[in-house]
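Please have the sequence and the model open while I talk.

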Amino acid sequence: ERRTSELSEKSVLLYKSLIVIQTVADLIQNPFGCKKHDSMKLLSVFVLFGLFPSSTSTGDYLFVTVRSEGCDDQGRVGCGTAMMQINYRTIRLPYRGHSILVFDERTGRETSKAHFDTYWSNFDTGGKMTSFIRTIPTGSIVLVAVGDSASRLETKAEAALRSIGAIPPIDLKLRETWALIGRKGDWRPWIVQAYSPRYAGPTIITQKIPLTGKCSAQETCPGCKVPTSNCYPCKQLSCKSFPSATCKPDKCSGGCRPMFFNGNVKINCDILRVRILSEGCDDSGRIGCGRALIQIWGKEYSLNRRGHNIVVINSHTGRIEASRNFDTHGDQYSGVKMRNFLQSILHYKIVVIATADAFSNYEHAAHNELQLVGAGNPLDPGFRGSWVLVSRRGGRPAWFRQAWNGRYHGPTEVVVDIPLV
């Protein structure tokens, strides 16, 4: 029986090969007389016989882009749309509110999708979205994008979004944009979220997501073992080098995970989760006369003084290279000092800026340099406004964010995941 099965498989393979050869030969013999259905026949043959990828996955990864457009964003389609690109396939979702796509993390195949008009709240859209997210199997890859506006999200829906990796801000204002590449269940280092205020979008995020193959859950490796692949098999190590290794990152936060390099275990941190907070002196909920926080995985790096607070980060290693403050409210030379400092920053350095208290008197001398690190208008939202920026010298990256609020309307806060190069 086994011999018969082997011969049958070989016969099928030979049959497939002959069809492909004959189809290609026909097209070569008469290339200019080729009709549309001939080309489609060739493409179908390649797909059916495994010579062209038929699923959304590429090898062991999904390459994902999520785009969110508000109705007031430049370059929008219509009144703003949600768009997702999974490897070579583009999916346009021309719906107002939240659009959700779900993929199997083992195979990369789409399993379900839905959209919810979270701008129009009369039909319990928050409850419906909550119910849908609850039905998503644990371990699924979940993509979410907002189109047009989603400013009436209910509290119960916020909790559901947190279950797939969302973090504040989740509750949006009119025509703000928001995108998430998340996962139902345990956190993964590839989870990323981004947000842009009205007029500052669209919001675009990209990610390379490892597929887990046939593995359905993360295991704990007993003894002196560590994971070696996406499917979390265990590999034996010397107890002296890593006596209590497990598949789950040990004493490691956020984007850190154990990796296997030349027989040694090394903690690899390839994502920076950055939180930026700016408070004006007249904002509600402020502390003192306003703060400027720049935190990476919860650790503070801002000098937190009045004016512009700037942190520079190495985009390859994640190392903090500089932290400066310029009192652009009280020091008449602060604008020139800030301009000179920004000019000294090398290309591809990550630049994070948060203002505190007030900053609108003397920053104008540095406007051109702020634009060179990605900032756009408004560079000055007025006396005691709040303003934040996270960008990179040498061109805006996909994770670029700028946000602001006028006096009395702050504070302004942004949270973004930055992949290291």
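So, to get going: how many helices and strands are there in the protein? There are six helices and 22 strands, where helices (H or I, at least four residues) and strands (E, at least two) are DSSP runs numbered from the N terminus.

Some housekeeping. This is a predicted model, in which local features need pLDDT of at least 70, side-chain atom pairs count only at pLDDT 80 or more, and totals for chains, interfaces and linings use all residues. Residues are numbered from 1 along each chain as its sequence is written, and side-chain values use heavy atoms, with hydrogens and water left out.

Now, confidence. The mean pLDDT (the predictor's confidence in each residue, from 0 to 100) is 76, and 71% of the residues reach 70 or more. Over residues 31-59 the pLDDT is below 50, and this stretch has 40 contacts in the model beyond near neighbours in sequence; contact means heavy atoms within 4.5 Å. Residues 214-268 also have pLDDT below 50, with 100 contacts beyond near neighbours in sequence. Where pLDDT is low, the predicted coordinates should not be read in detail.

Next, the overall picture. Of the 421 residues, 46% count as buried. For the cut-offs, buried means under 20% relative accessible area, exposed means over 50%, and partly exposed is in between (1.4 Å probe, protein chains only). The accessible surface comes to about 20,800 Å², with 53% of that belonging to carbon and sulfur atoms; these areas come from the Shrake-Rupley method with a 1.4 Å probe, and for residues only the protein chains shown count as cover. Among contacts between residues at least 6 apart in sequence, 57% join residues at least 24 apart.

Strands β4 (residues 97-103) and β5 (residues 110-116) run antiparallel and are joined by six bridges; two strands pair if DSSP finds at least two bridges between them. V102 has S112 in β5 as its bridge partner. Six residues sit between the strands of this hairpin, and G108 takes a positive phi near 80°.

On to helix α4 (residues 155-162), where we find A157. Is A157 buried or exposed? A157 counts as buried, at 0% relative accessibility. Leaving aside neighbours within four places in sequence, A157 is in contact with G126, M129 and T130.

The loop between α4 and β7 (177-183) holds R175. R175 is not a glycine, yet has a positive phi of about 60°. Most residues other than glycine have a negative phi, and most peptide bonds are trans. R175 is also linked with D72 and R198 in a network of salt bridges, a salt bridge being a side-chain nitrogen of Lys or Arg within 4 Å of a carboxyl oxygen of Asp or Glu.

How many salt bridges does a search of the whole structure find? The search finds 17. One of them joins the side chains of R407 and D282 at 2.5 Å, N to O. R407 lies in the loop between β21 (401-405) and β22 (412-419) and D282 in the loop between β14 and β15 (292-296), so this pair ties together parts that are 125 residues apart in sequence. The side chains of R306 and D327 also meet in a salt bridge, at 2.8 Å. Here R306 lies in the loop between β16 (299-300) and β17 (307-313) and D327 in the loop between β18 (320-326) and α5 (334-344), so the parts tied together are 21 residues apart in sequence.

Let's go back to the loop between β21 and β22, which also holds Y408. Y408 has a positive phi of about 75° although it is not a glycine, and Y408 counts as exposed at 53% relative accessibility. P411 is found in that loop too, and the peptide bond from G410 to P411 is cis, with omega near 5°. Another cis peptide bond joins N377 and P378, with omega about 0°.

Last stop: S278, in strand β14 (residues 271-280). S278 is buried, with a relative accessible area of 0%. Its side chain reaches the backbone nitrogen of W387 at 3.0 Å. Setting aside neighbours within four places in sequence, the contacts of S278 include D283, R291, W387 and P411, and P411 brings us back to the loop between β21 and β22. Thanks, everyone!

Note on methods: Polar contact = N/O pair within 3.5 Å; in protein donor to acceptor, adjacent residues only side chain to side chain.
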